[in-house]
Every structure is written in C-alpha cells, then in structure tokens.
Amino acid sequence: MTAYIIRRLLMTIPVMGLVAVFVFFLLHLSPGDPAAIMAGDNASPESIVEIRHKLGLDEPLWRQLVVWLANLASGDLGRSMFWGDPVTTLIAQRAEPTISLALTTILFAVTVAVCLGVVAAANVGRVVDRFVMGLAVAGFSVPVFVVGYLLIFLFSIELRWLPVQGYTPIAEGILPWLHNLILPTLALGLAYVALIARITRTTMLDVLAEDYIRTANAKGVARAPMLLRHALKNAAVPIVTVVGIGVALLIGGVVITETVFNIPGIGRLVVDAIARRDYPIIQGVIMIFSGIYVLVNLLVDLSYTFLDPRIRY
Amino acid sequence: MKITRRTAIQTGLAASAILAAPSIVRGQARPSAARTIRAVMHGDIPTYDPIWTTANMAGYHGGMVYDTLFGIDGNQQPQPQMVGRHGVSDDKLTYTFELRDGLKWHDGSAVTTADILPSLKRWAARDGGGQHLMERVKDLAAKDEKTFSITLREPYGLVLDVLAKTNMPMCFMMRKKEAETDPMQKIDQVVGSGPFTLNLNETKPGTQYVYDRNPNYVPRAEAASGIAGGKIAKVDRVIMMNMPDAQTAVAALQAGEIDFYEVPPTDLLPQLESDRNIKIEVLNGLGNVGQVRLNYLHPPFDNVKARQAMLYLVKQSDVLKATFGDSKYVKQVSSYFGMGTPMENDANIDWFKGGQNIAKARELFKEAGYDGRPIVIMQATNIAVMSNTSLVIAQAMRQAGLNVQVEAMDWSNVVQRRASKAPPNQGGWNIFITWSGGAAIGNPILLSAHAATGDKAWFGWPSDAKHEELRNKWALAPTLDARKAVARELQANAWNFVPQLYYGQWVQPAAMRRNLRGVIPVAEIVPWWNAEKV
C-alpha cells in the first residue's frame, strides 16, 4: 500500500509537468497583452513597450518557459504582474472562501443526493422515483448562474432571508459564515446532487437485484437496515468514484458561483486574472487545481480498499 | 468519557462562542453601517499608482488618498486646492504658488515643496497634458518649504487647467520618496495627503478597497464643487467594491447590501427606477463620446476621401439604438469637441445635418480609389457598446458596397492588436471602436486621441500639420472666448481631414439608495468626500 501511494505520488510529477507546459503555451500563444491593459486605454504605444520590457514579456517564449519551470520546481509560482505580490500569497488569501464553498457543497450534495438516490431506488417506478429523477434532470440542465439568480430573487429580494452576495470568514462566527454560504452552496450543489443521485439510484438498483438482498428480504430483515447496511455499503464504490470525478465539475462551478455571489475566492481571482492576462496567477491557480484533482483521485482510489476489502494495491 | 447529547450541545455552543469572539471584537472596531458607504464601481483598481496608468479606477483610488494642487470646479474652472495664495507675473511667464497651511501626509509629516516638485516631474513624464506643459517650462523651483514657482519660456494659458484636470492621470501630489520613483515603475507605498487613507488590512485586492477618513485632513473652507472646494469626509469609511456581475450588483442594491452602483446596465434601469428605495442620478453630465478610430497607415483610410465617406455612412441613431434602445441618456454628436462641452460648436457640420447618405459615401470611396480589399474592423465582443457598434457600422459599410471583415475578439486583444502598424492582412487593422470621457473630448490638448502627430499620435496615427498648429494656438489662447474661436477653426479643419469620427454620446446614470446624499457630480471620477448616509 505504501509503495503504491509513493508510486502514485511520483507519477503526479510528470503529469504536473505536462500540465505546466500545456498551460504556459495555451496562455502565451493566445492573444492579449497584459502590458497594454496595465497601461490603460489612453496610454502611448511607447509606454506599453516599456511596460512589456519591465515585465520580461519581450523575452523569447522559450526563455520565459524555462524561467517559469525553474521557479515552479522550487515551489515559486511567481508574482502577479498587476499587484507584484507572490501568487502563493494571493491564492492563500483567497483559499478560505473557496475551500468553504467546496466543502459545504460536497457535504450538502453527498448527503442530499445519496438520500434521494436511495429513496428513488427503493421506490423505483413510483411517483417518488419519478420526482427525484425529474429533479436530477432539471438540476443537471439548468446552469449554475440561472439557479443562482433565481435563489437570489426568492430568498434575498422577495423574502429577505439571506444575503445576496459576499463572504464572512469563519473566524467571525459560524452562523454568519453559514448565512453567506447557504445560497451559493445550493446553487452550486444542485448539479452535483443530480449527478450523485442518479448514480446512487442506478447502483442501488443493481445491488438490490443481487441474491443476498433477496435472501435478506426472505429472512425478514427490516427495510431500512437492509437498504443502508447491506445495499448502500456495497454500492459505495461507484458513488465515491463519481464524487471524485465530480470535483472537476465542482471546480468549474466554483468559478461561476463565486462570480454570481461575489465571493472573494480563488475562482474570482482567476476570472479577474484572465480578463487582465495576469499570466502568473492563471498558471498558478491551474497548477493548484490540477494538483488537487490528481490528489482527490488518489484519495478516491485509496478509499476503495476501505469500502471493499477485496480490493488491494 | 461518555458523550451525552447535552454535552455535545454545550460543546457546540462553546465552540461557536469562541469562533464568534473575534468578530465581536472586530465588529466593535469597525465603523457602523450608517457611517460606512459601500459602493460598487465600474471595475477593479489595477494598481495603487494613479500616475503610472491612465486607467480610470486608479484615478478613483488616487482621488481618495491623494490631493491635487488645483481642482476643476462644477463650472469647469480650475480652483486652488492644496495651494493657498498664487499669482502670475505681468509677463505671464512666472507662476508662483504657496501651499496652504495644515497639509500633512498620512504618516504625519508636513507637505513641502520638496515633495511637490518631484511629484510634478513624475506626473508630467506620464501625462500628455503634463508633457505639453513641460515643453514650455523653463524652470521649476522651490523658494522655501511652502513656496514654489513655474517659469515658462512663452505664455501658456493652460497652466492651471492642466494641474486641475480630472482625466487620467490626474496631477496627484506624493511624498518625495514615492515621487522620485522611476515614472515607468509603480510606487510601492500608498501615503497621500488626501481626505481618506487606504486601509490595507481590510482591503482585499480584486474585490474590495477600504478607505478610512483621514482625521488629520484640513479641508478648504469653500463648499465642495467638482473636485475643488472643501473635501469634507462625512463618513468614517468608504468601501469601493468590484462586483463583475451586474445582476448581482442590482440585487445587492435593492437588498440594501450596497449603497451605490456606478454603472447599472440600461436594461436593468427600469427595475431600479421602480424601486422606491433607489434613486437614479447622472453624475457625469458630459458622459462619454464614442469614437471610431481609422487607421491612417493603410488603404483605404490613408486617403482623406475614404475618411470623409465614413462621416456620411455612420448613422449615430442606429448605433445608439442598438445598445441603449430608446434611451433618454443618449444624444448624437456633431461637434468634434462633443456636445455640452465649452468648446462645442457648429463649424463645418453639413455632413451631420444631411444625415446618413450612402450614395455620397459610395461616391467618395470610389474617388478614394477603393479597390475592394477587405476592411478589417476589430470587434470587442465582451463590451456591448463596442460590439454592437462594430456590427451596425459594418452593415452600413456593406450597404455602400464595401468589403468588410469583422474580426471578433475580446477587448484585451483589441488593445494588443491596435498597436500593430502592419497591414490589416498581416495582423494589423482598419477600424476599432472605443470611447473617451466627454470632458476629455472637449479639450484638444489633454486627450491623447486628439493629437494628429502621425507616428507619435494615438492608435490610428492621424497626421495633419494644420491640426497640430491649431492645437498649439488653442493652448496659448489667453481667454475662454479666444479658445472657443480657435476651437471652431480646429473643428472646421478636423471634419475635413477626419482624424476620427463619433458614433454618439451617452451619459451613465448611477443608482444609489435614497438615503445616500451629497455624491458630487464630476466628470471622470466619483469623489466620496461630501457624501453621507442620512
């Protein structure tokens, strides 16, 4: 097991290296000039050239790549072209809202989706099942920002129960923290709920058709323990896999959700950086998100050994 | 140890209290909501150095933290601000200024001429108007800690106007330490002498910028007017927020989470107007003037006939309708200096009186020898007014039989590509759409887009010796009436050689909560002194 973990962690190095080179070229070969944006609309061509020189953007592309990779290897993500602050500092300043939103969303989505999936599977073909599946289709089809606006209209403008936007750090109290996170969590979590609920239902239906479930039924095991203790536990591996894959969906959703709800997280940071072509920030955030995705997948793989004792690495 | 439900609840409550404690302490340190203005502005502050960039938001920041020697008042006249007594010699060559009493930097040190002179030099190195002034300056000298003089080579009627102007970069004064920074480098500390200080602990770059009242600021005695007069901070804190989603900003305003929204989209104005807690005000009466920049370096617009043809092609009412609908906030522009500015006039506007004339445009393009080569319009798709204008103009050009190629890209790509002098089929361009503030359009010197100095001019690189001669004549004109007379000559000439053309003028109404009072109407920036919540 330890050898497997070490092997997987070592494999992340070439993966991250490829991501780094790909991201670098993707950004630097696409049009847009940070120097021109920094200088302002009425700046003279000469001052734009001067700024480009100060930023090192007039260096050959290969040299810029080598410098960046060398810094990356030593853990330095560079400095923001606009603010001059280290990218790691800027990301650290914005990490709490994003981590909070991601965690509350996963918690909300997994809890609600697994319950809905189990209920739907237990009532397959009935009204409850159709309702849950209809909800899942709707949840997957409606974009995050539309859900966000609808929630804002209902809960913030009409009912005045929850704030429209913003974020309160957890250090200022759990209740204010939650107060700001409820709507973004609901908006972002809906698609995630849909995805997990559908896979839970399908997997549960497969498991419920197994012989040992029929035997348990015949022996008179109560419905709830049978569903939760026997069926759900055996359906866990595909569900956990989808939760892991869904992290990519979550990362994309976080960027939109943070914009709609004006949450000062990493998503907003990268959106603003893209608009300004602040290359070090964009590159740094993509590297970190890629690293998170790789690690989550590793954790998902490792979790299989706990969920299914037959799996060994 | 056995954990009961009661101990679990008690532990949870204790943990919540511990977690909530910092917020209680912080809450006591923060100004109350009634003494705090939360304002969503049109964008993000790209840098804390308002001299280094021409970006407007940097100027908004500058207006809070820094002060100026002079300021334009509500009647567009320069008035002393940091300066107390001042005068000019009889030969109009030496201006003498004395700093008023009580001026202090945020670090507590006194403002002296040792700060002022390098500030003027650094600003002039970055600003077109400043350069125009400095070309005529023979000497800049300090007489003592409070008195300094500007000696000119020739009389120059714009000295005070240039020092007082509101278009970017404004002439902000900085400490000697920052003022001696290379003009091409950004300053690294924000220490001004203005009515507010930047609170870096509470500021979150990219999302919110927190400004606290400067208790040591000594305002002038006069009433606030424009960016002149007494800059009295009537609230303890102003938070300038960057909220990119317009729908969210409108909802936040309606819910009372913010007090001010600078640029509500036109289509959301009816929603705001119907809310009795919200009022709509136009703060910048001169608004913006939309510009169509033509590339002088390549056919067809290297030929004056083709440029004149564009005057007959662009139907401003169509362009404005495409973006603003039937808005009461727009008008068509016939004057080269915009509508409502002091320099507005009606010289040589027959092209405008006759309205769109496609047949005439076709004839002029023929005289220009247009050979059917593609005319490249750069369309900034992420900015509605630019995007829509590009399409409407392209359609009018196609009606005149021109081969138009609209190339879609985002604004930052336009900004990059417009610097290219290459032919349009090799990465260059023929037309791009932009806009400038009405106040700036009304000044032939201060707006870099007005220069017609060829290679040294703004993007499009127009060239016309007579235009330049007239700009200089305007700058030297001794009185307002004399300037107006030169402005007529400038316009008559401009509508002949067509350095650029306009697609309309619009004002941007701002939306605010009804209890927000005293926001001063100024062109180019939104000042927060004088504003209060009642």
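In chain A of this predicted model, the centres of domain 1 and domain 2, taken over C-alpha atoms, are separated by 32 Å. Local features need pLDDT of at least 70, side-chain atom pairs count only at pLDDT 80 or more, and totals for chains, interfaces and linings use all residues of this predicted model. Residues are numbered from 1 along each chain as its sequence is written, while chains are lettered from A and ligands numbered from 1 in the order in which they are written.

## Chain A and its domains

Domain 1 of chain A covers 2-73 and domain 2 of chain A covers 90-307, with bounds that come from an automatic or database domain assignment. Between these two domains, 14 residues of domain 1 of chain A and 12 residues of domain 2 of chain A take part in the contact, where two residues are in contact if their C-beta atoms, placed from the backbone, lie within 7 Å. On the side of domain 1 of chain A that touches domain 2 of chain A, the elements that give two or more residues are α1 (2-29) and α2 of chain A, and α1(A) gives the most, with 10 residues. That side of domain 1 of chain A is made up of nine nonpolar, three polar and two charged residues; here Ala, Val, Leu, Ile, Met, Phe, Trp, Tyr, Cys and Pro count as nonpolar, Asp, Glu, Lys and Arg as charged, and the others, Gly among them, as polar.

Chain A has 13 helices and zero strands, where helices (H or I, at least four residues) and strands (E, at least two) are DSSP runs, numbered from the N terminus. Its C-alpha atoms fill a box of roughly 85 × 55 × 35 Å, taken along the principal axes. Of the 313 residues of chain A, 37% count as buried, a term for a residue with 20 or more other C-beta atoms within 10 Å of its own, whereas exposed stands for 12 or fewer and partly exposed for values in between, with C-beta atoms placed from the backbone. Among contacts in chain A between residues at least 6 apart in sequence, 71% join residues at least 24 apart.

## A helix pair in chain A

Two packed helices are described by the angle between their axes and the distance between the axes. For α11(A) and helix α13 (residues 279-307) of chain A, the axes come within 9 Å and cross at roughly 170 degrees, the axes being lines fitted to C-alpha atoms, for helices over the stretch in contact, and the angles running from 0 to 180 degrees between N-to-C directions. This crossing makes α11(A) roughly antiparallel to α13(A), since angles over 145 degrees count as roughly antiparallel, under 35 as roughly parallel, 65 to 115 as roughly perpendicular and the rest as oblique. Residues of α11(A) including Val240(A), Gly244(A) and Ile251(A) belong to a contact whose α13(A) members include Phe289(A), Asn297(A) and Leu307(A). By class, the contact of α11(A) with α13(A) has 12 nonpolar, four polar and no charged residues.

## Where the chains meet

The contact between the chains takes 41 residues from chain A and 37 residues from chain B. On the side of chain A that touches chain B, the elements that give two or more residues are α2 (34-39), α3 (45-55), α7 (144-158), α8 (174-208), α11 (236-260) and α12 (266-276) of chain A. This side of chain A has 23 nonpolar, nine polar and nine charged residues.

## Chain B

Chain B is divided into domain 1 (68-177) and domain 2 (288-506), and 33 Å separate the centres of these two domains of chain B, taken over C-alpha atoms. In the contact between them, 11 residues of domain 1 of chain B meet 12 residues of domain 2 of chain B. On the side of domain 1 of chain B that touches domain 2 of chain B, three residues are nonpolar, seven polar and one charged.

Chain B also holds an open sheet of seven strands in the order β8-β9-β10-β1-β11-β19-β12, with mixed pairing; two strands pair if DSSP finds at least two bridges between them. The edge strands, each of which pairs on one side only, are β8 (196-198) and β12 (278-282) of chain B.

| Strands | Sense | Bridges |
|---|---|---|
| β1 (residues 36-40) and β10 of chain B | parallel | five bridges |
| β9 (residues 208-213) and β10 of chain B | antiparallel | five bridges |
| β1 and β11 (residues 260-261) of chain B | parallel | two bridges |

Four of the five residues of strand β10 (residues 237-241) of chain B are buried, so this strand is largely enclosed by the rest of the structure. Within β10(B), Val238(B) stands opposite Ile37(B), and Ile239(B) is the bridge partner of Val210(B). Helix α2 (residues 56-65) of chain B lies across β8, β9 and β10 of chain B and runs at about 120 degrees to β8(B).
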